[in-house]
Amino acid sequence: MMSLSQTILIVGGGLAGLTAAYRLHRAGLDFVLVDARQRLGGRILSVGIDGEPSIDGFDLGPSWLWPDMHPAIARFAQELGLAFFPQHTDGAMAFQRSPGSALEHYNTLRQEPQSMRLAGGSGAIISALADRLPKDRIRLGMRVTRVVRTGGTSGLQVNVGDGSAEVIEAAHVIFALPPRLLVETIELEPAPDQAFRKLWHETPTWMAPHAKFFALYEKPFWRAAGLSGAAQSMVGPLVEIHDATTASGKAALFGFLGVPAEARREAGREAIIAASLGQLGQLFGPQALKPAATLYKDWALDPFTATASDLMTTGHPSGGRREWMDAGWRDWMTPAGSETAVHDAGYLAGAVEAGEQAAERLIERRRSSAFERQNRREV
């Protein structure tokens, strides 16, 4: 058994978990962060032409931020020394109305607020946070299966791995993962109230039902043709397409699949890629049919993101103030996935918000405990 005594255990190494770890570490509180994946980032995944994580990559997960709408994440990125650049929208947008209809083009209107991206890809914020944390407090490839409230000195026993391969003792656990993934994959003993389990299960997991396709090129040829790289389609398989060229000039187009998750799984990866590439050829001409490489990520097939409940698109997390935990567990655990954010649930800004809120709650609790101990000594 690994005893962490008064240590805070963070389950999930995505943006929310790393943000919580960063704030706790800066406040001098001990933490250990575990993640079931062999990488940090969670639903943030920026990769190179080989499909491997890259410091100058294409975003297979979330890509856009809106600093004008979410100023807190703009300040956070500035604190980490990160740079934004605008989503390319200059030129005409293509519109595909039906399989037999002629392709339509419309002038692109300036978006307000403007969509921005991080130089280096969204993964840049993950790298920046990881670089500021002690490496010996991060453990990858560790899947939490069970958390038991013991009522002892440490308070919690956390089973890690398949079955009970390892047990970790901790004073508090921050679950920086989707509520639905928490309730469907981790056993809590004693079981939380059914009303809260129902809330977690009914909260949509951001990104989980979606898939993204990328075609990488030597240059953004569509720009020379007066096209923005943006397209909307009522035909598919891609329903929304954008210019995905990086800040460093690596050219790409990407699209969201409009095919339901179950149908994508039945069709198979190669058929989806072929159909998506053929559609880009229809929209942007024969040059689009000759990419240097393609990338494809189906989040519904990712067991560390989605459950069977995520195969159907069920909308966006609603946010708002609500209680996520019953009284019996409130002192021992804090849900902190992006879906639990008050203002920006289901966005990158929401992940930062949720991570900071979780950390601040525990920092304040530690301050209050220290104050009470000091008062007792003085008395």
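These legends describe close-up views of a predicted model.

**View 1. Asp59, a buried residue without a salt bridge.** Asp59 sits in strand S5, which covers residues 58-59. The nearest side chain of opposite charge belongs to Arg117, 4.9 Å away. The side chain of Asp59 does have a polar partner: Ser46, whose side chain lies at 2.5 Å. Beyond its close sequence neighbours (within four places), Asp59 also contacts Leu45, Gly121, Ser122, Gly123, Lys212 and Phe214, among others.

**View 2. The largest nonpolar core.** This core holds 55 residues. Ile10, Leu15, Leu24, Ile125 and Ile174 have the most contacts inside it. Helix H9 (residues 348-378) gives the largest share, eight residues. Domain 1 (1-83 + 120-207 + 309-378) and domain 2 (86-118 + 211-298) both supply residues, so the core lies between them.

**View 3. Ile174 and its contacts.** Setting aside neighbours within four places in sequence, Ile174 is in contact with Ile8, Leu9, Ile10, Val11, Ala20, Leu24, Thr334, Ala336, Ala358 and Leu362. Another core, of 27 residues, lies apart from the largest one. Its members include Leu156, Val158, Leu182 and Trp324.

**View 4. Lys297, a buried lysine.** Lys297 belongs to strand S20 (residues 293-298). Its relative accessible area is 18%, and buried means under 20%, so Lys297 counts as buried. The side chains of Lys297 and Asp302 make a polar contact of 3.2 Å.

Note on methods: Residues are numbered from 1 along each chain as its sequence is written. This is a predicted model: local features need pLDDT of at least 70, side-chain atom pairs count only at pLDDT 80 or more; totals for chains, interfaces and linings use all residues. Side-chain values use heavy atoms; hydrogens and water are left out. Helices (H or I, at least four residues) and strands (E, at least two) are DSSP runs, numbered from the N terminus. Buried means under 20% relative accessible area, exposed over 50%, partly exposed in between (1.4 Å probe, protein chains only). Lys and Arg count as positive and Asp and Glu as negative; His and the chain ends are not counted. A salt bridge is a side-chain nitrogen of Lys or Arg within 4 Å of a carboxyl oxygen of Asp or Glu. A polar contact is a pair of N or O atoms within 3.5 Å; within protein, one must be able to donate a hydrogen and the other to accept it, and residues adjacent in sequence count only if both atoms are side-chain atoms. Contact means heavy atoms within 4.5 Å. A nonpolar core is a set of buried Ala, Val, Leu, Ile, Met, Phe, Trp, Tyr and Cys residues joined through side-chain atoms within 4.5 Å. Domain bounds come from an automatic or database domain assignment.
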